[in-house]
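Please examine the structure below with its sequence at hand. The paragraphs that follow lead from the packing of helices to the sheet.

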Amino acid sequence: MHELARYATIAFSASAVYLFVVIALRLFGKKELAQLSVSDLVFVLLISNAVQNAMVGPDTSLSGGLVAASALFIINYLFKLLLYRFPVFQKLVEGEPLTLIYEGNVNEINLRKARISINELLETIREHGSAGIKDVNLAVLETDGNISILSNDFRNKSVQHRKRRKKVQVQS
């Protein structure tokens, strides 16, 4: 019975740490998930080391580690199931996409809300192959932390491609 109580404590502690980290990530912003810098990576590694003892306590045995890992897999599965089944819960945990640019105009309020600098936004725009803000029809900070960009160039290429295809079909 003592062994079972010890494993139950490890499972509870691992689940509590999991929920804490999920809530902390939600409070500290979406962009942290998809855009890890060197300091962010070091932070994640140190957090995992810092909470290890909180999950397993003095039990550094293989069975203690397996119980903690199993509890994390189970709580993650249940958490994902809740997100899938209850859209309100998903919205609460993951938030909603934020429009950062619409038709070449920056939404300063959402940029501040997401704590994204104009330089970070410009870097992302260039990574997507656009020259600048005025070339962007839509930029959205997705719930996973990625920034999606739809630009004028993208739309023009799509239209030109369709026109070429139609011409080829007419000639056939």
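Which residues in α4 meet which residues in α5? The model is a predicted one, in which local features need pLDDT of at least 70 and side-chain atom pairs count only at pLDDT 80 or more, while totals for chains, interfaces and linings use all residues. Residues are numbered from 1 along each chain as its sequence is written, and side-chain values use heavy atoms, with hydrogens and water left out. Helices (H or I, at least four residues) and strands (E, at least two) are DSSP runs, numbered from the N terminus.

On the side of α4, the residues are F79, L82, L83 and R85, and they meet P87, F89, Q90, V93 and E94 in α5; contact means heavy atoms within 4.5 Å. By class, this contact has six nonpolar, one polar and two charged residues. Here Ala, Val, Leu, Ile, Met, Phe, Trp, Tyr, Cys and Pro count as nonpolar, Asp, Glu, Lys and Arg as charged, and the others, Gly among them, as polar. Helix α4 spans residues 62-85 and helix α5 residues 87-94; their axes come within 5 Å and cross at roughly 115 degrees. Such axes are lines fitted to C-alpha atoms, for helices over the stretch in contact, and the angles run from 0 to 180 degrees between N-to-C directions.

Aromatic rings are also found here. Rings of Phe, Tyr and Trp (its six-membered ring) pair if their centres lie within 6.5 Å; planes under 30 degrees apart count as stacked, over 60 as edge-to-face and the rest as tilted. By this rule the count comes to two aromatic pairs. The rings of Y18 and F79 have centres 5.8 Å apart and planes at 80 degrees, so this pair is edge-to-face. Because Y18 lies in helix α1 (residues 2-28) and F79 in helix α4, the pair ties together parts that are 61 residues apart in sequence. F79 and F89 form an edge-to-face pair, with 5.5 Å from centre to centre and 75 degrees between the planes. F79 is buried, with a relative accessible area of 10%, whereas F89 is partly exposed at 24%; buried means under 20% relative accessible area, exposed over 50%, and partly exposed in between (1.4 Å probe, protein chains only).

The sheet comes next. Four strands form an open sheet in the order β2-β1-β3-β4, with antiparallel pairing; two strands pair if DSSP finds at least two bridges between them. β2 (105-106) and β4 (147-151) stand at the edges, each with a single partner strand, so one side of each is left without a neighbour in the sheet. Strand β1 (residues 98-102) pairs with β2 over two bridges, and Y102 stands opposite N105 in β2. Strand β3 (residues 136-141) and β4 are joined by five bridges. These two strands form a hairpin with five residues between them, and G145 in the turn has a positive phi of about 95 degrees.

Where does helix α7 pack? The buried residues of α7 (residues 118-127) are L121, T124 and I125. They cover an arc of only 100 degrees around the axis, which puts them on the same side of α7; the arc is that of the directions from the helix axis to the C-beta atoms. These buried residues pack against β1, β2, α6 (108-113), β3 and β4. The face turned away from the buried side carries the exposed residues N119, R126 and E127.
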